[in-house]
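Trainee: I would like to go through the labels used for this model and see what each one rests on.
Mentor: Then ask about each label, and I will set the value against the cut-off.

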Amino acid sequence: MPDIRKHFLRYTRYIIYLLSIFVLCWGFTPFPDVFLGLILGTSFSLFNLWLMKNRMERFDRALDEGKKVRSLGTLSRMASAGAAVLIALEFPELIHLISTVIGLMMVYIVIMIDYFWQQLLHKKREER
């Protein structure tokens, strides 16, 4: 269980760094709609990560107690992604739709990059 929290905190830190970069780019580049879409999508992506962490902790507790295991909340994560897309569709002059969808995938991109980074660090530690 501590691994789930440790990974969640690391991924959250990376996403917060990315969001701060997106906010700076939103304010200082000529593409505010693109970066606002990235901010919106990444924010909802971070919310989905939080939902997944909570569901995984409940799932783990249910398995430990021998109770019936429920779903991991796919429907709620899809609904929040749909809400992000609906917000982008409601304000197309302010929010770029494609960058919103890319932002929704940002946590998964961060997880994959972190996985490869951790594997590389583990390999270097073994060589010592």
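This is a predicted model: local features need pLDDT of at least 70, side-chain atom pairs count only at pLDDT 80 or more; totals for chains, interfaces and linings use all residues.

Trainee: How much of the protein chain is buried?
Mentor: Of the 128 residues, 30% are buried. The label applies under 20% relative accessible area.

Trainee: What share of the contacts in the protein chain with a separation of 6 or more is between residues 24 or more positions apart?
Mentor: Those residues account for 68% of such contacts.

Trainee: Why are H2 and H4 called roughly parallel?
Mentor: Helix H2 covers residues 32-65 and helix H4 residues 97-104, and they pack at an angle of about 30°. Angles under 35 degrees count as roughly parallel, so H2 and H4 are given that label. Their axes are 7 Å apart, and the crossing of H2 with H4 is right-handed.

Trainee: Which residues in H2 and H4 meet?
Mentor: From H2 they include Asp-33, Val-34, Gly-37, Leu-38 and Phe-44, and on the H4 side Ser-99, Thr-100, Ile-102, Gly-103 and Leu-104. By class, the contact of H2 with H4 holds six nonpolar, seven polar and one charged residues. Gly counts as polar in this scheme.

Trainee: What makes H3 and H4 roughly antiparallel?
Mentor: Helix H3, residues 74-90, packs with H4 at an angle of about 160°. The label starts over 145 degrees, and therefore H3 and H4 are roughly antiparallel. The axes of H3 and H4 lie 9 Å apart, with a right-handed crossing.
Mentor: H3 contributes Ala-81, Ala-84, Val-85, Ala-88 and Leu-89 to this contact, and H4 contributes Leu-97, Thr-100, Val-101 and Leu-104. The contact of H3 with H4 divides into eight nonpolar residues, one polar and no charged.

Trainee: Is Phe-44 buried or exposed, and how do you know?
Mentor: Phe-44 lies in helix H2. Its relative accessible area is 19%, and the cut-off is under 20%, so Phe-44 is buried. Leaving aside neighbours within four places in sequence, Phe-44 is in contact with Ser-80, Ala-83, Ala-84, Ile-87 and Leu-104.

Trainee: What is the separation of the C-alpha atoms of Phe-44 and Phe-91?
Mentor: It is 16 Å, for two residues 47 apart along the chain. Contact means heavy atoms within 4.5 Å, and the C-alpha separation is a separate quantity.

Trainee: Why does Ser-45 count as buried?
Mentor: Ser-45, also in helix H2, has 2% relative accessibility, and buried means under 20%, so the label applies. Beyond its neighbours within four places, Ser-45 is in contact with Gly-103, Leu-104, Met-106 and Val-107. From Ser-45 to Val-101 the C-alpha distance is 9.7 Å, and these two are 56 residues apart in sequence.

Trainee: What does the side chain of Thr-12 reach?
Mentor: It reaches the backbone oxygen of Phe-8 at 2.6 Å. The cut-off for a polar contact is 3.5 Å.

Trainee: Why is Ile-98 called exposed?
Mentor: Ile-98 is in helix H4. Its relative accessibility is 53%, and exposed means over 50%, so Ile-98 counts as exposed. Ile-98 and Trp-26 are 72 residues apart in sequence, and their C-alpha atoms are 16 Å apart in space.

Methods:
Residues are numbered from 1 along each chain as its sequence is written. Side-chain values use heavy atoms; hydrogens and water are left out. A polar contact is a pair of N or O atoms within 3.5 Å; within protein, one must be able to donate a hydrogen and the other to accept it, and residues adjacent in sequence count only if both atoms are side-chain atoms. Axes are lines fitted to C-alpha atoms, for helices over the stretch in contact, and angles run from 0 to 180 degrees between N-to-C directions. Helices (H or I, at least four residues) and strands (E, at least two) are DSSP runs, numbered from the N terminus. Angles under 35 degrees count as roughly parallel, over 145 as roughly antiparallel, 65 to 115 as roughly perpendicular and the rest as oblique. A crossing is left-handed if the near helix is turned anticlockwise from the far one by less than a right angle, and right-handed if clockwise. Buried means under 20% relative accessible area, exposed over 50%, partly exposed in between (1.4 Å probe, protein chains only).
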